Amino acid sequence: MLLNPAGRVFVGQRIDNNQDAWQMPQGGINPGETPHDAALRELWEETGVTPENVTITAETPDWLTYDLPHDLVPKIWKGRYRGQKQRWYLMRFSGTDDQVVIETEHPEFSEWTWIDPSDLVEKIVPFKREVYAQVVATFADHLR
């Protein structure tokens, strides 16, 4: 979860979905990589934001999971997975909007914006809303 200095959350519209499919940056952990390092790498790969421009201020104490809807399982990740187990980090962004670059080598997002944390869960694809609600609840004391 990337927060700008105004306390708003970064969300990107998924490039592979023509409906509203907003999400925060996320991704897998490479072999030998820590969840912390993976979070920073994924943030950079998806947004262009470098570790020098963020401060990690909190993390979820437990892994959070979600399952894909049954009709999406064969379409996503070549049918190899049916959901994800995630560790979330709250990162404060100290850079400027021009340092956010979603036109990356393998773009994930077609557009992006900052939104109020209270609006986050309703903007997210339905099957991820429970996890996002848990993330917001876990980080609530840091979102004020």
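The structure before you is a predicted model, in which local features need pLDDT of at least 70 and side-chain atom pairs count only at pLDDT 80 or more, while totals for chains, interfaces and linings use all residues. Residues are numbered from 1 along each chain as its sequence is written, and side-chain values use heavy atoms, with hydrogens and water left out.

I begin with Gln86, which lies in strand 6, residues 83-86; strands here are DSSP runs of E of at least two residues, helices are runs of H or I of at least four, and both are numbered from the N terminus. Gln86 counts as buried because its relative accessibility is 7%, where buried means under 20% relative accessible area, exposed over 50%, and partly exposed in between, with a 1.4 Å probe and protein chains only. Leaving out residues up to four places away in sequence, Gln86 touches Gln26, Asp62, Trp63, Leu64, Tyr66 and Val131. Val131 stands 45 residues from Gln86 in sequence, yet their C-alpha atoms are 8.9 Å apart. With Gln26, the side chain of Gln86 forms a polar contact of 3.3 Å. A polar contact is a pair of N or O atoms within 3.5 Å; within protein, one must be able to donate a hydrogen and the other to accept it, and residues adjacent in sequence count only if both atoms are side-chain atoms.

Why does Thr60 count as buried? Its relative accessibility is 1%. A polar atom of the Thr60 side chain lies 3.2 Å from the backbone oxygen of Asp62. Beyond four places in sequence, Thr60 touches Arg87, Trp88, Thr138 and Phe139.

Now to the nonpolar cores, each a set of buried Ala, Val, Leu, Ile, Met, Phe, Trp, Tyr and Cys residues joined through side-chain atoms within 4.5 Å. The largest has 23 residues, of which Met1, Met24, Trp88, Leu120, Val135 and Phe139 touch the most other members. Strand 2, strand 5 (64-67) and helix 3 (129-138) each give two or more residues to this core, and the largest share, four residues, comes from helix 3. Apart from this core lies another, of 14 residues, among them Phe10, Val54, Phe93 and Trp114.

Finally, helix 1 covers residues 35-47. Its buried residues include Ala38, Leu40 and Leu43, and what covers the buried residues includes strand 1, strand 2 and strand 8. Just after helix 1, Gly48 takes a positive phi of about 75°.

How values were computed
Expected span 1.5 Å × (residues − 1). Contact = heavy atoms within 4.5 Å.
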